[in-house]
Amino acid sequence: MKLKAFAKINLGLDVIGRREDGYHQVRMIMQTIRMFDQLEIEKSRKPGIRLSVNLPYVPADAGNLVYRAASLMMEEFSLPQGLDIRLNKFIPVAAGMAGGSSDAAAALVGINRLFGLGLSRGELMERGLKLGADVPYCIMRGTALAEGIGEKLTRLSPLPPCYILIGKPGVSVSTKYVYTNLKLDETTVHPDIDGMVAALKAGDLTGVTEKMGNVLESVTIPRYPVIEKIKDLMKETGALNALMSGSGPTVFGIFDDREKARQAQQRLRESRLARQVFLAEAFHNGGTEDDQ
Ligand code: ATP
(Lines give C-alpha, C1' and ligand atoms only; values in the text may rest on other atoms or scores of the structure.)
Protein backbone atom coordinates (compact mmCIF):
# COMPACT_ATOMS: atom_id res chain seq x y z
CA MET A 1 0.00 0.00 0.00
CA LYS A 2 1.35 3.41 -1.00
CA LEU A 3 0.50 6.60 0.88
CA LYS A 4 1.39 10.26 0.70
CA ALA A 5 2.24 12.19 3.86
CA PHE A 6 1.74 15.90 3.17
CA ALA A 7 3.62 18.76 4.85
CA LYS A 8 1.96 21.68 6.62
CA ILE A 9 2.69 25.34 7.10
CA ASN A 10 1.35 27.64 9.81
CA LEU A 11 -0.31 30.69 8.33
CA GLY A 12 -0.59 31.96 11.89
CA LEU A 13 0.91 30.69 15.14
CA ASP A 14 0.13 32.15 18.54
CA VAL A 15 1.05 30.87 21.99
CA ILE A 16 -1.38 32.03 24.65
CA GLY A 17 -0.04 30.31 27.75
CA ARG A 18 1.48 27.30 29.36
CA ARG A 19 -0.31 24.40 31.04
CA GLU A 20 0.82 23.05 34.40
CA ASP A 21 2.24 19.96 32.68
CA GLY A 22 4.57 22.19 30.64
CA TYR A 23 2.70 21.98 27.32
CA HIS A 24 2.09 25.31 25.60
CA GLN A 25 -1.42 26.38 24.68
CA VAL A 26 -1.50 27.45 21.08
CA ARG A 27 -3.81 28.93 18.47
CA MET A 28 -2.56 28.02 15.02
CA ILE A 29 -3.92 28.26 11.50
CA MET A 30 -2.73 25.13 9.75
CA GLN A 31 -2.56 24.59 6.00
CA THR A 32 -1.58 21.37 4.23
CA ILE A 33 0.59 21.87 1.17
CA ARG A 34 1.36 19.67 -1.84
CA MET A 35 4.78 18.57 -0.73
CA PHE A 36 4.92 15.01 0.55
CA ASP A 37 6.85 12.03 1.85
CA GLN A 38 6.00 8.61 0.43
CA LEU A 39 5.21 5.63 2.60
CA GLU A 40 4.97 2.03 1.40
CA ILE A 41 3.51 -0.50 3.80
CA GLU A 42 3.39 -4.25 3.17
CA LYS A 43 2.29 -7.18 5.30
CA SER A 44 5.02 -9.68 5.94
CA ARG A 45 5.05 -13.30 7.21
CA LYS A 46 8.03 -12.41 9.36
CA PRO A 47 6.78 -10.96 12.67
CA GLY A 48 7.87 -7.50 13.82
CA ILE A 49 8.35 -4.16 12.09
CA ARG A 50 11.10 -3.45 9.55
CA LEU A 51 11.46 0.20 8.57
CA SER A 52 13.85 1.62 5.98
CA VAL A 53 14.33 5.34 5.33
CA ASN A 54 16.05 7.04 2.36
CA LEU A 55 17.94 9.48 4.62
CA PRO A 56 20.75 8.18 6.84
CA TYR A 57 20.25 10.86 9.51
CA VAL A 58 16.58 10.01 10.13
CA PRO A 59 16.13 7.16 12.64
CA ALA A 60 14.73 3.89 11.28
CA ASP A 61 13.92 2.37 14.68
CA ALA A 62 11.57 3.26 17.56
CA GLY A 63 12.96 6.82 17.30
CA ASN A 64 10.91 7.21 14.12
CA LEU A 65 7.27 8.19 14.53
CA VAL A 66 6.29 5.77 11.75
CA TYR A 67 7.72 2.91 13.75
CA ARG A 68 5.88 4.10 16.85
CA ALA A 69 2.60 4.40 14.94
CA ALA A 70 3.01 0.86 13.60
CA SER A 71 3.82 -0.58 17.07
CA LEU A 72 0.80 1.14 18.57
CA MET A 73 -1.55 -0.43 16.01
CA MET A 74 0.11 -3.86 16.12
CA GLU A 75 -0.18 -4.03 19.89
CA GLU A 76 -3.69 -2.67 20.23
CA PHE A 77 -5.12 -4.97 17.55
CA SER A 78 -2.75 -7.91 18.12
CA LEU A 79 -2.00 -7.93 14.40
CA PRO A 80 -0.86 -11.42 13.43
CA GLN A 81 1.60 -10.49 10.68
CA GLY A 82 4.72 -8.36 10.50
CA LEU A 83 5.16 -5.13 8.56
CA ASP A 84 7.72 -3.99 6.01
CA ILE A 85 7.69 -0.20 5.73
CA ARG A 86 9.64 2.00 3.35
CA LEU A 87 9.74 5.76 4.00
CA ASN A 88 10.96 8.14 1.30
CA LYS A 89 11.41 11.59 2.78
CA PHE A 90 11.13 14.76 0.69
CA ILE A 91 9.75 17.08 3.39
CA PRO A 92 12.68 18.89 5.04
CA VAL A 93 13.53 17.37 8.44
CA ALA A 94 13.39 19.36 11.71
CA ALA A 95 12.03 22.22 9.67
CA GLY A 96 8.66 23.22 11.18
CA MET A 97 6.67 21.38 8.51
CA ALA A 98 5.40 18.46 10.65
CA GLY A 99 7.13 15.88 8.45
CA GLY A 100 7.41 13.25 11.18
CA SER A 101 3.84 13.84 12.41
CA SER A 102 2.49 13.51 8.89
CA ASP A 103 4.41 10.27 8.32
CA ALA A 104 2.90 8.90 11.54
CA ALA A 105 -0.58 9.98 10.38
CA ALA A 106 -0.10 8.19 7.05
CA ALA A 107 1.08 5.04 8.84
CA LEU A 108 -2.04 4.97 11.03
CA VAL A 109 -4.33 5.52 8.04
CA GLY A 110 -2.46 2.90 5.97
CA ILE A 111 -2.43 0.17 8.63
CA ASN A 112 -6.14 0.75 9.33
CA ARG A 113 -6.84 0.17 5.66
CA LEU A 114 -4.37 -2.66 5.07
CA PHE A 115 -5.80 -4.78 7.90
CA GLY A 116 -9.43 -3.65 7.44
CA LEU A 117 -9.63 -2.48 11.06
CA GLY A 118 -12.58 -0.18 10.33
CA LEU A 119 -11.46 2.74 12.54
CA SER A 120 -13.13 6.06 11.74
CA ARG A 121 -11.09 9.17 11.07
CA GLY A 122 -11.92 10.41 14.60
CA GLU A 123 -10.75 7.11 16.10
CA LEU A 124 -7.49 7.35 14.18
CA MET A 125 -7.05 10.94 15.38
CA GLU A 126 -7.42 9.80 19.02
CA ARG A 127 -4.62 7.29 18.52
CA GLY A 128 -2.55 9.89 16.67
CA LEU A 129 -2.61 12.23 19.66
CA LYS A 130 -0.68 9.61 21.65
CA LEU A 131 2.17 10.05 19.15
CA GLY A 132 2.24 13.85 18.95
CA ALA A 133 0.09 16.98 19.22
CA ASP A 134 0.17 17.63 15.44
CA VAL A 135 -0.69 14.07 14.35
CA PRO A 136 -4.51 14.47 14.59
CA TYR A 137 -4.30 17.51 12.29
CA CYS A 138 -2.13 15.57 9.83
CA ILE A 139 -4.91 12.95 9.64
CA MET A 140 -7.56 15.67 9.12
CA ARG A 141 -5.57 17.81 6.61
CA GLY A 142 -6.69 20.97 4.80
CA THR A 143 -7.18 24.43 6.38
CA ALA A 144 -7.87 24.27 10.12
CA LEU A 145 -7.68 26.13 13.42
CA ALA A 146 -5.71 24.13 16.00
CA GLU A 147 -6.15 25.03 19.67
CA GLY A 148 -5.34 23.44 23.04
CA ILE A 149 -1.91 21.88 22.53
CA GLY A 150 -2.73 21.62 18.83
CA GLU A 151 -5.25 18.78 19.08
CA LYS A 152 -8.53 20.77 19.25
CA LEU A 153 -9.35 21.17 15.59
CA THR A 154 -11.91 23.24 13.73
CA ARG A 155 -12.12 23.01 9.97
CA LEU A 156 -11.88 26.43 8.24
CA SER A 157 -12.77 27.74 4.80
CA PRO A 158 -10.00 26.78 2.35
CA LEU A 159 -7.12 29.15 1.60
CA PRO A 160 -7.97 30.96 -1.67
CA PRO A 161 -5.89 29.81 -4.69
CA CYS A 162 -2.25 30.92 -4.43
CA TYR A 163 1.35 29.71 -4.87
CA ILE A 164 3.50 28.89 -1.88
CA LEU A 165 7.26 29.27 -2.11
CA ILE A 166 9.17 27.25 0.48
CA GLY A 167 12.76 27.99 1.48
CA LYS A 168 14.61 25.98 4.10
CA PRO A 169 18.01 27.31 5.17
CA GLY A 170 20.73 24.77 5.95
CA VAL A 171 20.12 24.70 9.70
CA SER A 172 17.91 22.42 11.77
CA VAL A 173 15.85 23.69 14.67
CA SER A 174 14.60 21.63 17.59
CA THR A 175 10.97 22.39 18.41
CA LYS A 176 11.73 21.78 22.08
CA TYR A 177 14.53 24.36 22.11
CA VAL A 178 12.24 27.03 20.65
CA TYR A 179 9.36 26.48 23.06
CA THR A 180 11.71 26.30 26.05
CA ASN A 181 13.22 29.66 25.12
CA LEU A 182 9.95 31.43 24.33
CA LYS A 183 9.27 34.35 26.65
CA LEU A 184 5.75 35.68 26.70
CA ASP A 185 5.10 39.08 28.23
CA GLU A 186 3.21 42.30 27.55
CA THR A 187 5.59 43.15 24.69
CA THR A 188 4.75 39.95 22.78
CA VAL A 189 3.09 40.71 19.46
CA HIS A 190 0.24 38.22 19.06
CA PRO A 191 -1.03 37.53 15.53
CA ASP A 192 -4.70 38.22 14.80
CA ILE A 193 -5.86 34.61 14.51
CA ASP A 194 -9.58 35.47 14.67
CA GLY A 195 -9.06 38.09 11.95
CA MET A 196 -7.42 35.46 9.78
CA VAL A 197 -10.31 33.04 10.34
CA ALA A 198 -12.70 35.80 9.18
CA ALA A 199 -10.55 36.59 6.12
CA LEU A 200 -10.53 32.90 5.17
CA LYS A 201 -14.31 32.82 5.50
CA ALA A 202 -14.56 35.85 3.21
CA GLY A 203 -12.20 34.21 0.67
CA ASP A 204 -9.95 37.27 0.98
CA LEU A 205 -6.33 36.22 0.19
CA THR A 206 -4.71 39.57 1.01
CA GLY A 207 -6.80 39.73 4.19
CA VAL A 208 -5.21 36.40 5.15
CA THR A 209 -1.64 37.30 4.18
CA GLU A 210 -1.64 40.65 5.96
CA LYS A 211 -2.52 38.84 9.21
CA MET A 212 0.28 36.26 8.96
CA GLY A 213 2.32 36.13 12.16
CA ASN A 214 4.25 33.62 14.27
CA VAL A 215 5.28 34.32 17.89
CA LEU A 216 8.04 31.68 17.65
CA GLU A 217 9.95 33.93 15.24
CA SER A 218 10.99 35.90 18.35
CA VAL A 219 13.12 32.92 19.42
CA THR A 220 14.32 31.40 16.14
CA ILE A 221 15.14 34.52 14.07
CA PRO A 222 17.62 36.11 16.53
CA ARG A 223 19.43 32.74 16.58
CA TYR A 224 19.31 32.26 12.78
CA PRO A 225 19.14 35.69 11.08
CA VAL A 226 19.15 33.97 7.66
CA ILE A 227 15.41 33.39 8.23
CA GLU A 228 14.76 37.15 8.12
CA LYS A 229 16.91 37.44 4.99
CA ILE A 230 14.83 34.79 3.21
CA LYS A 231 11.61 36.54 4.29
CA ASP A 232 12.92 39.87 2.98
CA LEU A 233 13.96 38.34 -0.34
CA MET A 234 10.54 36.76 -0.82
CA LYS A 235 8.79 40.05 -0.10
CA GLU A 236 11.12 41.96 -2.42
CA THR A 237 10.41 39.46 -5.18
CA GLY A 238 6.64 39.85 -5.01
CA ALA A 239 5.30 37.73 -2.14
CA LEU A 240 2.14 39.15 -0.57
CA ASN A 241 3.81 38.18 2.68
CA ALA A 242 6.38 35.72 4.06
CA LEU A 243 6.65 33.97 7.42
CA MET A 244 8.53 31.30 9.31
CA SER A 245 6.57 28.05 9.64
CA GLY A 246 6.16 26.37 13.06
CA SER A 247 9.35 26.54 15.11
CA GLY A 248 11.33 27.04 11.91
CA PRO A 249 13.64 27.43 10.19
CA THR A 250 11.54 26.96 7.02
CA VAL A 251 10.16 30.17 5.51
CA PHE A 252 7.17 30.32 3.17
CA GLY A 253 6.01 33.15 0.93
CA ILE A 254 2.51 33.46 -0.53
CA PHE A 255 2.14 34.64 -4.13
CA ASP A 256 -1.00 35.39 -6.12
CA ASP A 257 0.76 34.93 -9.47
CA ARG A 258 2.50 31.77 -10.71
CA GLU A 259 5.03 33.57 -12.90
CA LYS A 260 6.06 35.90 -10.08
CA ALA A 261 6.40 32.90 -7.76
CA ARG A 262 8.61 31.10 -10.33
CA GLN A 263 10.88 34.11 -10.67
CA ALA A 264 11.11 34.47 -6.90
CA GLN A 265 12.00 30.77 -6.69
CA GLN A 266 14.83 31.35 -9.15
CA ARG A 267 16.10 34.37 -7.19
CA LEU A 268 15.98 32.43 -3.93
CA ARG A 269 17.98 29.56 -5.48
CA GLU A 270 20.59 32.00 -6.81
CA SER A 271 20.88 33.77 -3.44
CA ARG A 272 22.00 30.50 -1.77
CA LEU A 273 20.25 31.62 1.41
CA ALA A 274 18.11 28.48 1.35
CA ARG A 275 19.38 24.94 0.91
CA GLN A 276 16.01 23.52 -0.15
CA VAL A 277 13.63 25.51 -2.35
CA PHE A 278 10.21 24.30 -3.58
CA LEU A 279 7.15 25.82 -5.13
CA ALA A 280 3.94 24.21 -3.87
CA GLU A 281 0.21 24.76 -3.83
CA ALA A 282 -2.23 24.36 -0.98
CA PHE A 283 -3.81 20.94 -0.53
CA HIS A 284 -7.56 20.93 -0.04
CA ASN A 285 -9.67 18.13 1.26
CA GLY A 286 -11.73 16.13 -1.12
CA GLY A 287 -8.56 15.43 -3.11
CA THR A 288 -8.33 12.49 -5.50
CA GLU A 289 -7.69 8.79 -4.74
CA ASP A 290 -4.12 9.50 -5.70
CA ASP A 291 -3.82 11.72 -2.64
CA GLN A 292 -4.31 8.90 -0.09
P1 ATP B 1 7.14 20.04 13.62
O2 ATP B 1 6.72 20.94 12.52
O3 ATP B 1 6.05 19.08 14.07
O4 ATP B 1 7.86 20.72 14.74
P5 ATP B 1 9.58 19.29 12.44
O6 ATP B 1 9.48 19.57 11.00
O7 ATP B 1 10.25 20.34 13.28
O8 ATP B 1 8.17 18.98 13.00
P9 ATP B 1 10.36 16.56 11.99
O10 ATP B 1 11.02 16.63 10.68
O11 ATP B 1 9.01 15.96 12.05
O12 ATP B 1 10.40 17.98 12.72
O13 ATP B 1 11.30 15.68 12.97
C14 ATP B 1 12.15 16.20 13.94
C15 ATP B 1 13.01 15.05 14.53
O16 ATP B 1 12.22 13.90 14.81
C17 ATP B 1 14.06 14.58 13.54
O18 ATP B 1 15.27 15.23 13.79
C19 ATP B 1 14.13 13.07 13.74
O20 ATP B 1 15.20 12.68 14.54
C21 ATP B 1 12.86 12.69 14.44
N22 ATP B 1 11.92 11.90 13.60
C23 ATP B 1 11.14 10.90 14.04
N24 ATP B 1 10.38 10.39 13.07
C25 ATP B 1 10.66 11.10 11.95
C26 ATP B 1 10.18 11.04 10.62
N27 ATP B 1 9.28 10.13 10.23
N28 ATP B 1 10.65 11.94 9.75
C29 ATP B 1 11.58 12.85 10.14
N30 ATP B 1 12.07 12.91 11.37
C31 ATP B 1 11.64 12.06 12.30
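The model is predicted: local features need pLDDT of at least 70, side-chain atom pairs count only at pLDDT 80 or more, and totals for chains, interfaces and linings use all residues. Residues are numbered from 1 along each chain as its sequence is written, and side-chain values use heavy atoms, with hydrogens and water left out.

View 1. The ligand is surrounded by 20 residues (a heavy atom within 4 Å); the closest are Ala94, Ala98, Gly100, Asp103 and Thr175. Helix 2 (residues 99-114; a DSSP run of H or I, at least four residues) contributes four residues, the largest share of this shell.

View 2. A ligand nitrogen is 3.0 Å from a side-chain N or O atom of Lys89. Ligand oxygen atoms lie 2.8 Å from a backbone N or O atom of Ala94 and 2.7 Å from a polar backbone atom of Gly100. Of the 610 Å² of accessible area that the ligand has on its own, the protein covers 78% (Shrake-Rupley method, 1.4 Å probe).

**View 3. The side chain of Asn214.** Asn214 is buried at 7% relative accessible area (buried: under 20%, protein chains only). A polar atom of its side chain lies 2.8 Å from the backbone nitrogen of Leu216, and one lies 2.9 Å from the backbone oxygen of Met244.

Methods
A polar contact is a pair of N or O atoms within 3.5 Å; within protein, one must be able to donate a hydrogen and the other to accept it, and residues adjacent in sequence count only if both atoms are side-chain atoms. Helices (H or I, at least four residues) and strands (E, at least two) are DSSP runs, numbered from the N terminus. Buried means under 20% relative accessible area, exposed over 50%, partly exposed in between (1.4 Å probe, protein chains only).
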